[in-house]
Amino acid sequence: MSGRRLNLGLVTGGALVGVVVAAALVSFVWTPHDPTLVDAAGKLREPGGGYLLGADKFGRDTLSQLMVGARTTLYVGVVAVGIAAVVGTPLGVAAGMAPRSRGWLSELIMRVNDLVFAFPALLLAVMLGAVYGAGTLTAMIAIGVATVPAFARVARAATMQVMVTDYVLAARAAGRRGPAIAVRHVLPNIGSVLIVQASVSFAIAILAEAALSFLGFGTRPPTPSWGRMLQESQELLFSTPRLALWPGLAIALAVLGFNLLGDGLRDHLDPKLRSARG
Amino acid sequence: MIVYLLKRLAVLLASVAAAGVAVFAFMAVLPGDPAEIALGVNATPEAVAELRARFGTDRPPAAQFLDWFGGLAHGDFGTSYVTSSPIGPQIAERLGVTTVLVLGGMVVALIVAVPAGTFAAVHHRDPLGAAISAVSQVGIAIPAFLAGILLVFVFAVKAQALPSGGYVPIADDPAEWLRSLLLPWLSLGLVQGAVLTRYVRSAVLDVMREDYLRTARAKGRGRMGALWRHGLRNASIPVVTVLGLQLATLLIGAVVVERVFVIPGLGDLLLNGVAGRDLLLVQGVVMVLVAAVLLINFVVDVCYAVLDPRLRGAR
Amino acid sequence: MRRIGIWIALGGLLLGTAACGGGSGGRSGGTAAKESLSVGFVAEPANLDFTSTEGAAIPQALLVNVYEGLVKLDQDGRIQPLLAEKWDVSPDRKTYTFTLRKNVTFSSGAPFTADDVVFSLGRVRTDWKLKIKSQFDVIDKVDKKDDTTAVVTLKRPSNGFLYALATRLGAMFSRTGVADLANKPVGTGPYQLGAWKRGDSIRLDANPKYWGTKPAAGTVTLKYFKDATAMNNALLTGGIDVISSVQAPESLQQFADPNRFTTVEGTTNGEVVLSLNNGRPPFDDKKARQAVRYAIDHKALLDTAWAGRGKLIGSMVPPTDPWYEDRTGDYPYDPAKAKELLGGKTYTVKMRIPNLPYAVASAQVVKSQLAQVGITADIEPLEFPARWLDVVFKQGDYDMSIINHVEPRDMGIFADKSYYFRYDNPAFGKLLASADEGSEQQQTDDLKQAAKLLSDDAAADWLFLFPNLIVAKKGVTGLPQNAIAESFDFTGLAKQ
Amino acid sequence: MLTVEGLSVRAEDLELVREVSFGIGPGERVGLIGESGSGKSLTALALMGLLPDGVTASGTARLGDRDLVGVPERRLKDLRGRTVSMVFQEPMTALNPLMRVGAQVAEVMTLHGVAKGRARERAAELLGRVRLPDPERIARSYPHQLSGGQRQRVMLAIALANEPDLLICDEPTTALDVTVQKQMLELIAEVAPALLFITHDLAVVASLCERVLVMYGGRVVESGPLREVFKHPRHRYTEGLLAASRLPPRGTRLATIPGAVPAAGRFPGGCVFRDRCAHATETCETAPDLTGPEEPTGPEEPTGPAELTGPEPRGDGHAFACWHPRG
């Protein structure tokens with residue numbers, strides 16, 4: 001019914017994510033300029049010439065920084081979501097598959113999950129940063145760990161749905177063991193839900209990284225990061241607002257992209273899930 | 001219902017205790033001896049030893065933990081190694097500020113989200129409804145601190161209408177208190193409101209598809225009448241879940257917003273504590289934040305029970 | 001449709017509230033008492049006891065304002081009388097006789113007498129927990145001659161003694177006022193502690209019993225900002241009257257309007273040092289250190305990292321010290337020479353810096369410039385103060401760092417080979433010792449030579465001298481041109 | 001009393017119900033049968049004005065002197081729950097889970113002008129009338145505390161509360177246990193005014209209705225008096241349906257209609273049943289009219305879109321739309 005509009009979301013989201021990914025990939029082989037090269041002569045260079053979006057107070061090319069910043073963003077997102085998926089999914093599946101007789105297992109997993117949920121990414125990042133020194137790695141781990149509960153919950157809910165389907169009942173009746181069922185039936189069937197969750201978590205991870213960079217707990221200088229670009233641009237907000245505009249826009253569009261992609265995928269893969277937590 | 005609540009309460013207490021162990025263990029890993037840090041780099045070894053004894057950090061960790069956690073039970077967070085003042089009152093004062101900030105943000109979010117989300121759901125086929133959805137999507141994509149910076153730029157720096165930061169206690173001057181909180185509330189609330197709008201929309205959309213809404217209309221209620229009388233309370237159940245999750249998010253968002261607006265709240269205290277290696281202070285603040293999140297979860301569950309008769313007595 | 005109407009009404013109500021709030025606030029903002037001033041600062045003290053807690057924040061707030069010493073430092077770096085009306089130095093330069101001001105009382109009401117001098121100076125040795133107290137090791141004894149005369153006897157002549165007396169070490173405490181230094185300072189100064197809102201501000205109120213000229217501002221509020229932009233915004237919106245030290249120099253043009261703001265630009269004692277760990281490879285090699293000095297384009301660094309504000313210096317002496325010499329020509333920017341000194345080798349080094357704006361900005365320039373000559377510097381910002389002090393300052397686990405050494409006349413830190421520079425040159429130590437004991441001329445000559453030695457050895461690199469950048473609302477007067485003392489002197493501040 | 005003419009239901013470009021016409025007299029009980037997806041429920045919802053968003057009805061339907069199709073919601077509101085009521089298929093979800101049962105029954109009366117106190121009293125009476133035990137207690141219960149059968153009785157009580165002229169039941173017993181089903185049907189038979197009863201269960205129709213409409217692919221393919229249609233089905237689809245519902249003699253295969261009901265919009269042109277019909281010929285590519293048996297049927301009929309040209313197939317006439325009718 002409203003399929004056309006939702007596809008629009010999927011397409012728009014896909015396109016935005018595609019641009020981010022493309023920028024990140026291209027940045028490996030080519031950027032207009034060295035994004036970290038300080039050039040006093042080019043301080044606050046206006047857009048134009050070889051500097052499409054101008055340069056910052058260090059004379060560094062904004063476009064190049066944005067491109068490498070995309071890499072940082074994706075890097076953080078992939079690792080954080082990866083951690084969350086790799087840890088959260090098995091937990092959720094185990095909790096969802098636990099038979100009634102072992103309800104305590106499910107209960108325990110979910111309670112621990114709730115406990116981890118009580119430690120939000122920022123809190124973890126600040127604590128980890130305090131111990132090991134702030135950096136991309138601590139940020140990724142913190143965001144990843146904080147995202148585990150989301151994956152576990154979604155995986156558990158989806159697993160519970162799969163567990164009552166006929167083919168799983170049949171498989172159990174046929175005497176298949178839990179792990180075999182998990183691999184053969186559960187995982188393939190909750191895959192789409194997890195992909196959706198990954199996309200949404202990715203968006204959250206980008207926002208978290210930006211906030212951490214803003215507080216100085218994120219990516220270390222001079223590695224370009226959108227969050228830090230935004231933070232560094234603050235003192236020039238009056239005179240050179242474009243320095244804040246571009247990274248701000250990049251963050252917003254990337255988050256928008258992943259959110260739209262997630263929603264689009266959700267509708268595309270399973271319309272029943274449209275209302276599910278996300 | 002009573003049994004359910006008691007069970008849930010037990011889980012809450014157990015979780016808080018577990019969180020206490022986790023926080024303490026984590027902090028124990030922190031490098032740096034609080035006594036040495038408190039005295040600075042030029043301190044003499046004797047002074048350090050003396051202070052260590054006074055702090056009790058020369059005792060085994062288990063004893064330290066029991067001491068600390070036992071103290072928490074009656075509101076004693078210990079005495080800061082750095083400021084040598086009791087931590088409890090500091091946290092209590094900051095918690096008040098942060099609570100006001102977070103609840104205000106939540107109210108703003110609700111004021112934005114409930115009408116906007118409902119409207120977007122009812123009109124989900126109209127351009128206007130789609131526009132609201134689109135705006136909320138964009139709103140979600142804006143980090144709260146960026147919203148804060150922009151709000152300050154527009155309303156404080158350019159328009160000179162509101163203070164750019166700082167916090168005036170309500171006892172000092174209620175009007176200034178309100179003014180000092182408006183922008184922080186907005187920057188927390190608008191972004192959160194955008195997120196919430198989507199959930200309200202989706203909850204209302206779901207409810208609109210429910211059979212009992214059709215029943216209500218079959219009884220002779222109009223579309224909006226049915227939604228109002230039968231839909232909103234049902235839709236509020238998933239929204240309350242999200243609200244609970246969001247309160248937790250807001251609590252953390254407040255950390256950043258406090259930095260932007262120079263508000264002396266818990267987040268500010270936390271970052272100060274980390275920067276100053278005020279171990280016990282950080283431990284206390286983290287514990288309070290975590291306990292707050294757990295408490296919110298608990299309250300959400302209680303809200304379910306109140307809202308949804310199916311949960312009363314069922315468990 | 002009806003429902004839309006309700007929403008619009010709700011929205012309008014909200015906007016209305018906001019607008020009302022805005023209106024009323026604008027008025028109340030303007031009614032701030034004329035004699036009260038608020039000054040924005042960066043670092044809030046953890047407590048108010050500078051006898052046991054390190055850091056510049058406490059003396060900055062309290063010295064001269066709350067605590068006074070026998071002498072103080074004026075804007076030109078000269079010693080001026082304060083609680084001592086005058087002092088006589090014996091011919092052997094070992095005995096100082098201070099004549100104290102009469103009718104001075106502490107804010108607690110207790111009178112200030114020679115007994116307090118004996119108490120306070122004696123307390124440095126017995127109760128202070130800072131290592132800088134070693135500067136007073138030169139004191140042999142402190143005696144009370146009569147209520148208004150105190151005699152300090154030194155073990156040997158010292159040029160640094162009187163200067164040290166003008167720092168926090170010389171602050172006068174009441175014998176009955178040291179019970180809770182962390183929270184309740186008691187001094188003879190023109191201000192006393194009014195209120196301390198932790199995490200927000202410290203309010204100083206005029207001391208009604210003050211012996212001298214009453215300060216123009218009856219109340220001074222020190223507001224603390226962790227974020228440079230937030231501090232700027234506070235001045236722009238009238239939240240504060242003065243930014244004590246601009247942390248985002250690029251933003252100065254916001255305050256360019258002379259009808260609204262006054263800007264003061266002077267110098268400080270703060271040498272922004274690119275510290276090199278002389279104690280371990282690669283910078284135990286003088287050539288490597290020199291290569292670093294040649295590799296850095298200091299002008300470009302200052303222009304980009306700190307908006308060109310500040311001065312270039314070539315050694316550990318600020319221009320306000322009598323023995324200052326321009327050493328910026330010692331290592332002109334010459335990447336080719338730097339490469340030559342490195343002999344074609346490349347290095348990867350740990351650059352562990354405090355997470356402070358000037359350090360983070362400078363580090364990025366240093367990294368970029370060092371990369372040109374084959375040195376890869378991995379920047380790791382550490383939280384300041386705690387973590388940086390722990391890792392870099394105490395453990396010396398670093399290759400490079402960047403820190404603003406704000407203490408006055410602090411060249412001596414290079415004489416301590418356990419100091420985190422790990423610089424070890426006995427000749428330098430001898431020069432400093434001879435300077436302290438010798439005549440004034442001797443002192444100047446020796447210290448000039450010491451500064452040259454440091455520069456030649458490339459014991460560190462000096463990036464720039466931190467500027468004293470103060471911005472205030474138009475009409476605020478009495479702002480210090482140069483910040484060369486430990487305190488921010490509020491006594492001269494006035495509005496209109 | 002109820003007259004439906006040329007009722008079509010569309011969702012965007014899909015025609016889900018096409019040109020349905022029938023009538024129900026006062027006190028008459030009419031069954032509407034067909035497999036799921038045949039458009040039965042949409043037909044009923046169209047009469048109630050409760051079609052889902054994006055689904056629209058055209059044609060005419062009149063109840064007494066009031067129009068039901070193409071009328072603004074405001075006017076329909078007054079009819080629903082008072083003049084025409086409906087009981088839905090799924091008792092588990094049709095009641096508001098957060099509201100006490102009594103209040104939900106009373107609501108339908110207060111909405112149509114009954115005073116609150118009176119409505120509450122009557123709600124309990126009604127609950128008793130639909131044979132719920134201890135109606136006072138039931139009134140204070142929440143839906144989740146009742147069984148499916150009990151809930152469906154509550155729905156029936158709601159539907160009957162204002163003594164409507166017409167009751168529409170959409171598979172009201174499908175979700176219930178067989179024993180409960182029987183009681184429920186007896187109850188409906190006892191209390192219903194004029195009834196439109198939708199089901200795929202022929203036995204239920206047989207026990208309850210006087211006349212029957214058979215729908216397939218959004219069209220009425222056969223209609224007529226119950227006995228007539230069941231004894232002598234003419235449409236091949238009706239024939240299949242009846243065959244499938246009969247218990248086969250031991251040893252023979254269970255009779256089924258080959259193939260499955262296509263998704264909406266996937267029905268073939270012409271006779272909608274032809275892709276599953278063993279008797280289909282080229283003729284069937286043309287849509288047959290719903291006509292009485294006396295009408296000549298054959299390939300010489302004009303081709304083109306089906307139009308209702310003949311007399312309205314209501315009243316007692318047995319009508320069908322098939323080029324190759326049985327018998």
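This is a predicted model: local features need pLDDT of at least 70, side-chain atom pairs count only at pLDDT 80 or more; totals for chains, interfaces and linings use all residues.
Two residues are taken to be in contact if their C-beta atoms, placed from the backbone, lie within 7 Å.

On the side of helix 7 of chain B, the residues involved are B:Ala144, B:Ala147, B:Gly148, B:Leu151, B:Val152, B:Phe155 and B:Ala156; their partners in helix 8 of chain B are B:Leu183, B:Leu186, B:Ser187, B:Leu188, B:Leu190 and B:Val191. Of the residues in this contact, 11 are nonpolar and 2 are polar, with no charged residue present. The axes of helix 7 (residues 144-158) and helix 8 of chain B come within 9 Å and cross at roughly 135 degrees. Helix 7 of chain B is therefore oblique to helix 8 of chain B, and the crossing of the two is right-handed.

Helix 7 of chain B also contains B:Lys158. B:Lys158 counts as exposed because it has 12 C-beta neighbours inside 10 Å.

Helix 9 of chain B (residues 211-218) is in a contrasting setting: 7 of its 8 residues are buried, so the helix is largely enclosed by the rest of the structure. The buried residues are B:Tyr212, B:Leu213, B:Arg214, B:Thr215, B:Ala216, B:Arg217 and B:Ala218. Within chain B, these residues pack against helix 8 (174-208) and helix 10 (223-261). In chain D, they pack against helix 1 (40-48), strand 6 (84-87) and helix 3 (91-94). Helix 9 of chain B is followed by B:Gly220, which has a positive phi, near 115 degrees.

Annotations for chain B come from an unreviewed UniProt entry. The annotation "domain: ABC transmembrane type-1" covers residues 95-300 of chain B. Over this range the model is 83% helix and 0% strand, and the end C-alpha atoms are 20 Å apart. The same record's "transmembrane region" annotation covers residues 9-30, 100-122, 134-157, 177-200, 237-261 and 281-307 of chain B. Among these spans, residues 134-157 of chain B are 88% helix and 0% strand, with end C-alpha atoms 29 Å apart. Residues 237-261 of chain B are 100% helix and 0% strand, and the end C-alpha atoms of this span are 33 Å apart.

Note on methods: Residues are numbered from 1 along each chain as its sequence is written. Chains are lettered from A and ligands numbered from 1 in the order in which they are written. A residue is buried if 20 or more other C-beta atoms lie within 10 Å of its own, exposed if 12 or fewer, and partly exposed in between; C-beta atoms are placed from the backbone. Helices (H or I, at least four residues) and strands (E, at least two) are DSSP runs, numbered from the N terminus. UniProt positions are given in the numbering used here, feature names are shortened, and annotations may be inferred rather than shown by experiment. Axes are lines fitted to C-alpha atoms, for helices over the stretch in contact, and angles run from 0 to 180 degrees between N-to-C directions. Angles under 35 degrees count as roughly parallel, over 145 as roughly antiparallel, 65 to 115 as roughly perpendicular and the rest as oblique. A crossing is left-handed if the near helix is turned anticlockwise from the far one by less than a right angle, and right-handed if clockwise. Ala, Val, Leu, Ile, Met, Phe, Trp, Tyr, Cys and Pro count as nonpolar, Asp, Glu, Lys and Arg as charged, and the others, Gly among them, as polar.
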